[in-house]
Amino acid sequence: MNNNLKSGLLYFYIHFVTEVICFFMLYRYTGTRPEIWILFLSYDMLAFVPQGIIGFISDRFPRIPMGSIGLMLMAFSALLFKYVSNPFISLVVLCLGNCLVHVNGAETTLRTSEGKLSGSAIFVSGGSFGVVTGRLLAKSGCAFWPIIILVLSAVPVTLYAQRYISDEAVPYPEQCRKFNYTKPGVANWLLIILAVAIVAVRGFMGYGIPTSWNKTAVQTVLLFSFMGVGKALGGIAADRAGFRRTAMVSVVIAAPLLMAGDRFMAVSLVGVMLFSMTMAITLGLLVSVLPGTPGLAFGLTTIGLFLGTMPVFFFKFVTVPANCIMIALLSCLCLGFMEIIIRKDIIIRKDFDDE
């Protein structure tokens, strides 16, 4: 197993732990508060948008142990929530820690990537499992201390993961310069705008997927598990079967399954899995344009995610037909953007042959 896959698996756990505490805290914040949507909007803004700035700083100062600092900040935020009356202070500290951990995970998996997406995709996939776990623990009445201990257990894991970054990978890793997924001749500014737009469209679509079948805790776990598996498979498939092929096929097949899956759980879960595969695709596109600043490239994806989810706080499509029309139109938009910026596959990558 190569270093990229090793770092991806380590950061899968770190990302899982990060989302466990974030969503455990969020559901504790909002459990008895009528202004629930304001807190969730504040979380999205504070956790997603600053990652571009923090990523840029991490690119310039890659030896700062951002992951370990972020985990300790999140553990501290739980104590603040428990002992300080103003929850917003705790929320700010929680989000800052979240940003630091995400950027550190992206930096590490990209700096060991050799131009491949598998490690970063595996890292990103851990978040889906953490989100549903944190929600369930909060609703179960779990105490704070086990969550704090869980988060602190990831600190030595982040320190261990840094061993996979060689001195030559700092500050401008040649591995990231091997990302070459965008079409030549297209202006960099247009590539960036369209890649971020794909993320935003995907973020908005994610809230419109019809899932009336999702009524039990087990079904919720399945939904988030298929999301996580899809995120990991997107990077693995792109490396093994081709970047463009994976991007296009996953969107084309996912759209009708999502539209038809409102009452059929199995159909919906497969659609969600395929839909989630595009997560790694957009990161690969942005790193192709910004190979010298992988942290900034990752931060742009989280900004795009915020831009896509923000409208959901103000309006939603409430009927299945409206959601289906939205999914169809936005899927076509994604395909159009991908056609403009993704180059044709040149070779089929073989990730797992490296030892």
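The model described here is predicted.

Two packed helices are described by the angle between their axes and the distance between the axes. Helix α10 covers residues 217–241, and its axis lies 6 Å from that of α13, at an angle of about 55°. The two helices α10 and α13 are therefore oblique to each other.

## Helix α9

Helix α9 runs over residues 188–206. At 1.5 Å a residue, its 19 residues should span 27 Å, and the end C-alpha atoms are 27 Å apart, which agrees.

The buried residues of α9 are L191, L194, A195, V196, I198, V199, A200, V201, R202, G203, F204 and M205. These buried residues pack against four helices: α12 (265–276), α13 (278–289), α14 (294–309) and α15 (320–341).

## Cysteines

The structure holds 0 disulfides. A disulfide needs two cysteine sulfur atoms within 2.5 Å. For C142, the closest cysteine sulfur is in C22, at 15 Å, so the two are too far apart for a bond. For C332, the closest cysteine sulfur belongs to C334 at 9.6 Å, which is also too far for a bond.

C142 is buried, with a relative accessible area of 16%, whereas C332 is exposed, at 54%.

Conventions
Residues numbered from 1 in each chain as written. Predicted model: local features only at pLDDT ≥ 70, side-chain atom pairs only at ≥ 80, totals over all residues. Heavy atoms only, no water. Buried < 20%, exposed > 50% of the residue type's maximum accessible area, 1.4 Å probe, protein only. Expected span 1.5 Å × (residues − 1). Contact = heavy atoms within 4.5 Å. Axes fitted to C-alpha atoms, helices over the stretch in contact; angles between N-to-C directions. Parallel < 35°, antiparallel > 145°, perpendicular 65-115°, else oblique.
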